[in-house]
Amino acid sequence: MWHDIIDLRNFYQSRGGRIAQRLLRREVRRIWPRIGPTETLLGLGYATPFLRPFLGEAGRVIAAMPAPQGGHVWPHEGPNLVTLVEEAELPYPDQSIDRLLMVHALEFAPAAQTLLRECWRVLRPSGRLVVVVPNRRGIWARVDRTPFGHGHPFSTGQLTRLLRNAMFVTGAPETALFAPPAERGLFLRLAGPIEHFGRRWLPAVGGVVVIEAQKQVYAATPPGGRRAPARLAVRSRARGPGPRRARPRSAIDEIAKGERQR
């Protein structure tokens with residue numbers, strides 16, 4: 001069941017949500033230090049808190065929000081870049097997206113594999129995908145005051161296998177959000193140092209898993225179809241007085257011979 005858009009927006013407008021946004025933006029920027037001016041970036045789920053740094057950098061930025069979740073206008077200071085979509089049928093042509101950032105999406109999708117195959121379809125052959133999901137081993141998945149406490153959490157191994165089954169080549173998974181979710185107090189003031197300590201010494205207990213994957217095309221089978229059957233090349237018999245090469249007798253020839261002898 002998808003998280004409601006109002007709850008998502010309210011979380012990122014809170015003090016704890018703004019700190020989580022800053023820390024996750026830093027992680028996404030570390031993975032993608034730069035996006036080219038000719039590239040198209042698609043944010044899927046509720047990715048708008050992490051798309052703003054790319055507005056003046058990428059050639060085109062799009063925010064796709066699943067219809068069951070709901071949506072709102074973004075950004076407020078310019079033309080609206082948000083569209084409502086059906087996650088099983090993204091309204092974008094094949095191979096039209098260079099980068100795809102998925103946040104608050106995979107853990108809520110009724111059919112995660114279908115969603116990932118749609119992402120595979122719209123990405124270019126060299127396209128890259130960054131997925132952010134709640135960490136099954138982290139404390140954020142156990143606290144329902146935040147969006148990361150809802151939906152289906154993943155371990156790093158589960159997420160890696162899911163992406164590989166959807167024909168993505170995955171990088172090394174990372175974790176983030178090591179400070180416990182809080183609205184006030186010491187944990188908020190020390191969120192930066194706790195993040196640095198957790199990344200170095202306790203990477204398994206981060207609140208979210210972040211992983212980059214690249215579209216794999218060399219082993220692809222057309223979606224919904226079968227590989228084309230091998231075709232038999234039939235050679236016509238040589239004409240003229242020249243010698244003919246003996247042809248091995250097949251099972252079909254044996255059947256035809258038997259029919260002629262009857």
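Colleague: Which side chain does the side chain of His104 join in a polar contact of 2.7 Å?
Modeller: This is a predicted model, where local features need pLDDT of at least 70, side-chain atom pairs count only at pLDDT 80 or more, and totals for chains, interfaces and linings use all residues. Numbering runs from 1 along each chain as its sequence is written, and side-chain values use heavy atoms, without hydrogens or water. The polar contact (N or O atoms within 3.5 Å, one able to donate a hydrogen and the other to accept it; sequence neighbours count only through side-chain atoms on both sides) pairs His104 with Tyr12.

Colleague: Where does His104 sit?
Modeller: Its touching residues, leaving out those up to four places away in sequence, include Trp2, Leu8, Gly45, Val132 and Phe148; touching means heavy atoms within 4.5 Å. As for its place in the chain, look at the loop between β4 (97-103) and α4 (112-122).

Colleague: Is His104 buried or exposed?
Modeller: Under 20% relative accessible area is buried, over 50% exposed, and in between partly exposed (1.4 Å probe, protein chains only). His104 has 0%, so it counts as buried.

Colleague: Which strand holds Leu41?
Modeller: Leu41 comes out at 0% relative accessibility, so that residue is buried. Strands are DSSP E runs of at least two residues, helices H or I runs of at least four, numbered from the N terminus. The run at residues 40-45 holds Leu41, and that's strand β1.

Colleague: How far apart are the C-alpha atoms of Leu41 and Arg60?
Modeller: Beyond four places in sequence, Leu41 touches Arg60, and also Trp32, Phe54, Ile62 and Leu100, among others. Leu41 and Arg60 are 19 residues apart along the chain, yet their C-alpha atoms are separated by 6.1 Å.
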